[in-house]
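Please open the structure in your viewer and keep the selection tool at hand.

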Amino acid sequence: VKEGNSEIIKVVGYQDYLPISPENPIVKNRVILFPVQPEDYTDEDKLLLDIKEFIHRYVDLPEEFESICAYYVMMSNLYEKLPVVPYLRVIGDWGSGKTRFLHTIGAISRNPIFASGATTTAPIFRLIDGFGGTFVLDEADFSSDMKADLTKILNQGNMPGFPILRSHLKEQHIVIPYNVFGPKIVASRGYFDDEALETRFITEKLENKRVRKDIPTTLTQEFWNQALSIRNKLLKFRLDKFLSYRNVPIEEHDDIDPEIIKDLDPRLKQITEPLLSIIRSPELKKMVLLHSKKHIEEVKANKGLTFEAGILETMLTLVFCSEDKKIYMQEIANKFNSDYGDSLRSNLSARKVGHILRTKFLINTGRDNKGFYVNDKEEKLKKHAERYNIDIESAVEAYKAYKQKIIKEREEESLDIKGADLF
């Protein structure tokens with residue numbers, strides 16, 4: 001501020017920042033890893049190559065997913081600039097390489113937090129809130145009592161502005177918000193039950209196979225030294241790119257085929273945009289989209305195999321066969337019991353069917369003197385079919401063919417009875 005011929009610096013407000021001590025147990029025991037100092041990386045292509053070579057050296061992954069992991073590591077260093085952060089995950093049985101994946105990708109991501117040794121989730125909330133960075137999670141390392149809290153972290157942590165609220169341990173009236181937004185690297189043995197959570201992952205299934213001979217059996221000090229060097233380079237990358245980096249909407253990518261974008265699931269667009277914003281190769285952008293699309297389709301396919309999906313498919317089949325006739329809950333229950341009766345302990349009532357359609361699928365119903373019937377828009381019903389991977393046309397054609405077969409069999413039975421009466 002100028003006052004006359006003099007320049008005076010006025011301090012409006014200040015904040016003291018104290019670096020964490022290298023003797024702190026969470027640093028000494030590699031619970032969280034930091035860079036030490038910015039290190040030159042030549043250019044982005046060379047940095048990307050260094051990351052890929054490190055990943056390839058220590059973990060056996062499919063080539064496509066290896067590239068996705070490399071870009072995810074780069075993205076993790078700019079995540080604060082993003083409106084949404086996807087999660088990176090592998091699924092596999094024991095011995096498939098999940099732990100090595102977590103160590104390798106985690107060690108070079110932004111401020112990785114390795115919290116598998118936690119006996120409660122309280123320190124995890126504090127670590128993510130206090131240091132930000134990347135949460136590295138092996139689902140198998142946590143008890144069933146802790147999994148509800150971990151699911152909460154995953155549900156709340158992919159968008160900023162959705163902290164987890166917890167009460168103070170001693171003074172219950174004090175509410176403490178914990179910011180859990182940031183990248184997550186996850187290993188699990190199967191899918192999560194929550195479909196919305198499932199669609200936040202970029203997923204690869206690992207197979208139990210013979211590991212490449214050039215991959216070290218154990219991680220030596222050389223591994224940690226190389227990981228530190230990459231984290232230092234990524235710190236320089238972060239300082240260089242932080243102000244200019246932004247999340248580019250998928251429609252603004254001129255090098256992506258419009259035909260690929262046209263029918264993309266909205267959630268698929270959301271989770272791929274952060275990665276696409278950092279990738280420069282059109283071929284790799286297409287690969288990321290197709291890889292993620294495959295997982296979304298698997299989620300839909302799995303969802304289509306559920307008990308509730310069978311009720312939905314039955315309802316949709318009858319509605320689209322009805323030619324504007326009212327379809328009552330009793331009709332749906334009768335057809336569902338006929339189709340799925342062998343796998344049910346007892347037949348479903350019309351009341352139960354109505355309850356599932358209204359509460360699970362938010363289907364609107366009407367009521368008259370015959371009972372409750374489906375009373376919803378065709379467009380909404382078709383969207384339900386798409387979400388649950390139900391082919392309405394095939395289901396309707398199969399049902400019509402089945403009805404024709406029944407009618408023909410009854411006509412033949414009727415003729416046989418009339419013929420028998422003649423004798």
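How many disulfides does a search of the whole structure find? The search finds zero disulfides, a disulfide being a pair of cysteine sulfur atoms within 2.5 Å. This is a predicted model, in which local features need pLDDT of at least 70 and side-chain atom pairs count only at pLDDT 80 or more, while totals for chains, interfaces and linings use all residues. Residues are numbered from 1 along each chain as its sequence is written, and side-chain values use heavy atoms, with hydrogens and water left out.

Select Cys 69, which is buried at 0% relative accessibility. Here buried means under 20% relative accessible area, exposed means over 50%, and partly exposed lies in between (1.4 Å probe, protein chains only). Next select Cys 321, which is buried at 13% relative accessibility.

**Salt bridges**

How many salt bridges does the count come to? The count comes to 22 salt bridges, where a salt bridge is a side-chain nitrogen of Lys or Arg within 4 Å of a carboxyl oxygen of Asp or Glu.

Select Asp 60 and Arg 212, whose side chains form a salt bridge with an N to O distance of 3.5 Å. This pair links distant parts of the chain, 152 residues apart: Asp 60 is in the loop between α2 (44-58) and α3 (63-76), and Arg 212 is in the loop between β9 (201-205) and α8 (221-241). Such helices (H or I, at least four residues) and strands (E, at least two) are DSSP runs, numbered from the N terminus. Asp 60 has a relative accessible area of 19% and is buried, whereas Arg 212 is partly exposed at 21%.

Move on to Glu 198 and Arg 89, a salt bridge in which the closest N and O atoms are 2.7 Å apart. Glu 198 belongs to helix α7 (residues 195-198) and Arg 89 to strand β3 (residues 87-91), so the pair, 109 residues apart, links distant parts of the chain. Are these two residues buried or exposed? Glu 198 is buried at 2% relative accessibility, and Arg 89 is buried at 0%.

Then select Lys 383 and Glu 379, which form a salt bridge with the closest N and O atoms 4.0 Å apart. About one helical turn separates Lys 383 from Glu 379, because they are four residues apart in helix α15 (residues 378-387). Glu 379 is exposed, with a relative accessible area of 56%.

**One face of a helix**

Select helix α14 (residues 350-359), where Ala 350, Val 353, Gly 354, Ile 356 and Leu 357 are buried. Look down the axis of α14: its buried residues line one face of the helix, because they fall within an arc of 165 degrees, the arc being that of the directions from the helix axis to the C-beta atoms. The elements that cover these buried residues include α12 (307-321) and α13 (329-340).

**Two positive phi angles**

Finally, select Arg 30 in the loop between α1 (25-28) and α2. Arg 30 is not a glycine, and its phi is positive, near 55 degrees. Its relative accessible area is 34%, so Arg 30 is partly exposed. Thr 42 is also in the loop between α1 and α2. Although Thr 42 is not a glycine, its phi is positive, at about 70 degrees. Thr 42 is exposed, with a relative accessible area of 62%.

Conventions
Contact means heavy atoms within 4.5 Å.
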